[in-house]
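Please examine the sequence and the structure before reading each solution.

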Amino acid sequence: MKTNEQVLADRDTAIIEARMVMMTNYFVLDTGTTGLNNAQMCQMARLAKDGKSFSSLVKPTIPIEAGAMAVYKITNEMVADAPNAVEVMEAASVNRSAIMVIYNAPFDTKVIRQSLSALNVEQTE
């Protein structure tokens, strides 16, 4: 268990890091997915520091699971004519020099990679 001093030090570090992010160019990214295992995107949204936003449905190469439909309220019919992951990523025009903020980064980045891999897009680490 952490001591009070450790908790305060962690809190202070978090505050400093948050202030640094707020002073830089950043955007927040979130995805809706087809499920939890081997999932792909069925929705992507981006909100930039300047308030500009982007949101789009994404046509996955696999069906959306019932549980994901219940969470996101997105059906297979809704994404049938949506752009694919590559088209959505291009349309979102993600600024590569900006810091990307993602609540569940390990999961969302995995889902993005799986969505692009399903379309045979080469990726770098």
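A nonpolar core is a set of buried Ala, Val, Leu, Ile, Met, Phe, Trp, Tyr and Cys residues joined through side-chain atoms within 4.5 Å; buried means under 20% relative accessible area, exposed over 50%, and partly exposed in between (1.4 Å probe, protein chains only). The model is predicted: local features need pLDDT of at least 70, side-chain atom pairs count only at pLDDT 80 or more, and totals for chains, interfaces and linings use all residues. Residues are numbered from 1 along each chain as its sequence is written, and side-chain values use heavy atoms, without hydrogens and water.

**Exercise 1.** Identify the residues that touch the most other members of the largest nonpolar core.

*Solution.* Step 1: this core has 16 residues, of which Leu 29, Met 41, Met 44 and Val 58 touch the most other members. Step 2: at least two core residues come from each of β1 (26–33), β2 (41–48), α4 (85–92) and α5 (105–117); helices (H or I, at least four residues) and strands (E, at least two) are DSSP runs, numbered from the N terminus. Step 3: Cys 42, Ile 64, Ile 74 and Ala 82 are among the 6 residues of a second, separate core.

**Exercise 2.** Describe how β2 and β3 pair.

*Solution.* Step 1: the two strands pair (at least two DSSP bridges between them); β2 and β3 run antiparallel over 5 bridges. Step 2: Met 44 has Ser 56 of β3 as its bridge partner. Step 3: Phe 54 and Ser 56 form the covered face of β3 (residues 53–57), whereas Ser 53, Ser 55 and Leu 57 form the uncovered one. Step 4: the hairpin has 4 residues between the strands, and Gly 51 takes a positive phi near 95°.
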